[in-house]
Amino acid sequence: MLQNFLEQTINGLQTGSIYALIALGYTMVYGIVKLINFAHGDILMVGAYISFLCVEKGYGLTTSIFVSIVFCAILGIVIDKLAYKPLRDASRMNVLITAIGVSFLLESLALILFGAEPKVISLNNAPKFLSNTIYLEFFGIKMSYLSIFIILTTLVCMIVLYSFIKYTNLGKATRAVSQDMVAAKLMGIDTDFTIAVTFAIGSALGALGGIMYALMYPRIDPYMGLLPGLKAFIAAVFGGIGFIPGAMVGGYVMGLLETYIKGYISSTWANTIVFGVLILILLFKPNGLFGKNVKEKV
């Protein structure tokens, strides 16, 4: 019984790590421009496809992951410049519609370029630390190298990102822009550059989350980002969107809750129960676990 519980917990941490990576991207963008980037789930799909293409061209998996992260970081900047920047002073409804339009555009392009048939990233020449067939055993519990890599990578990303925001000059500029964009401009901060960096970091994290998802669940298709993107968004809101450690906690809670329900109740009802439980929690704490009430002038 205990061994089964520990195995389910490890599976939950692995799944939750992926949700946390994607949620970090959501919370980065929202924290600075108060924008819910609903195209973020499709960024992870693009990241998975780019890695697949690179591996098919003969590049190593680690090189493919790096190329994918860089490509999606640049894509995030392009999306901001072309789609979101012109709407900085527009109504939230217009921005929301634009974000949904960008999402449909990315999905349609992927469908045209790659077709509807699912793709799989080959792990034949993958390095040992990305293997899902080699295991380490702790007290009778087996963990694949891939699971360990996913969990550790997420923790490292959170620590690096939190340190970047808290201690670097660019991170301090990001916090200034998130608090008052007009005042930040008056202080000489290049707000457009700061926002572009935020989109780049958020998209890079989304790409990494997409690659990890494609390795753990070997299936890449144009709509693969919808469900994990939605779950990661809920995780970010649950943790307190705009707060980096909150996104991590929300991702882990989502992953563990989903895994426990699949393992002990029903796989069929897992998503329904997860979303229902989180809705109930947010009814009592609308701003999330670590969110704060913020008054807005109208």
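This is a predicted model: local features need pLDDT of at least 70, side-chain atom pairs count only at pLDDT 80 or more; totals for chains, interfaces and linings use all residues.
K262 is partly exposed, with a relative accessible area of 39% (buried means under 20%, exposed over 50% and partly exposed in between, using a 1.4 Å probe and protein chains only). Residues are numbered from 1 along each chain as its sequence is written, and side-chain values use heavy atoms, with hydrogens and water left out.

**Confidence**

- The protein has a mean pLDDT of 86, and 97% of its residues reach 70 or more (pLDDT is the predictor's confidence in each residue, from 0 to 100).

**Salt bridges**

- The structure holds 4 salt bridges, each being a side-chain nitrogen of Lys or Arg within 4 Å of a carboxyl oxygen of Asp or Glu.
- K262 pairs with E258 at 3.2 Å, N to O, and the two residues sit 4 apart in helix α10, about one turn of the helix.
- E258 also meets K231 in a salt bridge, here at 2.9 Å, N to O.
- Because K231 lies in helix α9 (residues 226-239) and E258 in helix α10 (residues 244-264), this pair ties together parts that are 27 residues apart in sequence.
- Taken together, K231, E258 and K262 are linked in a network of salt bridges.
- Another salt bridge joins R219 to D221, whose closest N and O atoms are 3.2 Å apart.
- R219 is partly exposed at 48% relative accessibility, while D221 is buried at 11%.

**The second largest pocket**

- This pocket has a volume of about 260 Å³, where grid points are joined across faces, edges and corners and a volume is the space filled by probe spheres set on the points.
- A pocket is found on a 1 Å grid over the protein atoms alone, as an open set of points with protein on both sides within 12 Å along at least five of seven lines, and lining residues have an atom within 4 Å of a point.
- The lining counts 15 residues, and V46, L75, L106, L109 and L113 lie nearest the centre.
- Helices α2, α3 (61-84) and α4 (92-114) are the elements that give two or more residues to the lining, with α4 supplying the largest share, 7 residues.
- By type, the lining has 15 nonpolar residues, no polar and no charged (Ala, Val, Leu, Ile, Met, Phe, Trp, Tyr, Cys and Pro count as nonpolar, Asp, Glu, Lys and Arg as charged, and the others, Gly among them, as polar).

**Two residues to look up**

- Q8 is found in helix α1 (residues 2-33) and is buried, with a relative accessible area of 15%.
- Leaving aside neighbours within four places in sequence, Q8 is in contact with T259, Y260, G263 and Y264, contact meaning heavy atoms within 4.5 Å.
- F139 lies in the loop between β1 and β2 (141-144) and is exposed, with a relative accessible area of 88%.
- From C-alpha to C-alpha, F139 and Q14 are 18 Å apart in space, and they are 125 residues apart in sequence.

Technical notes: On a 1 Å grid over the protein atoms alone, a cavity is a set of points where a 1.4 Å probe fits but cannot get out, and a pocket is an open set with protein on both sides within 12 Å along at least five of seven lines; lining residues have an atom within 4 Å of a point.
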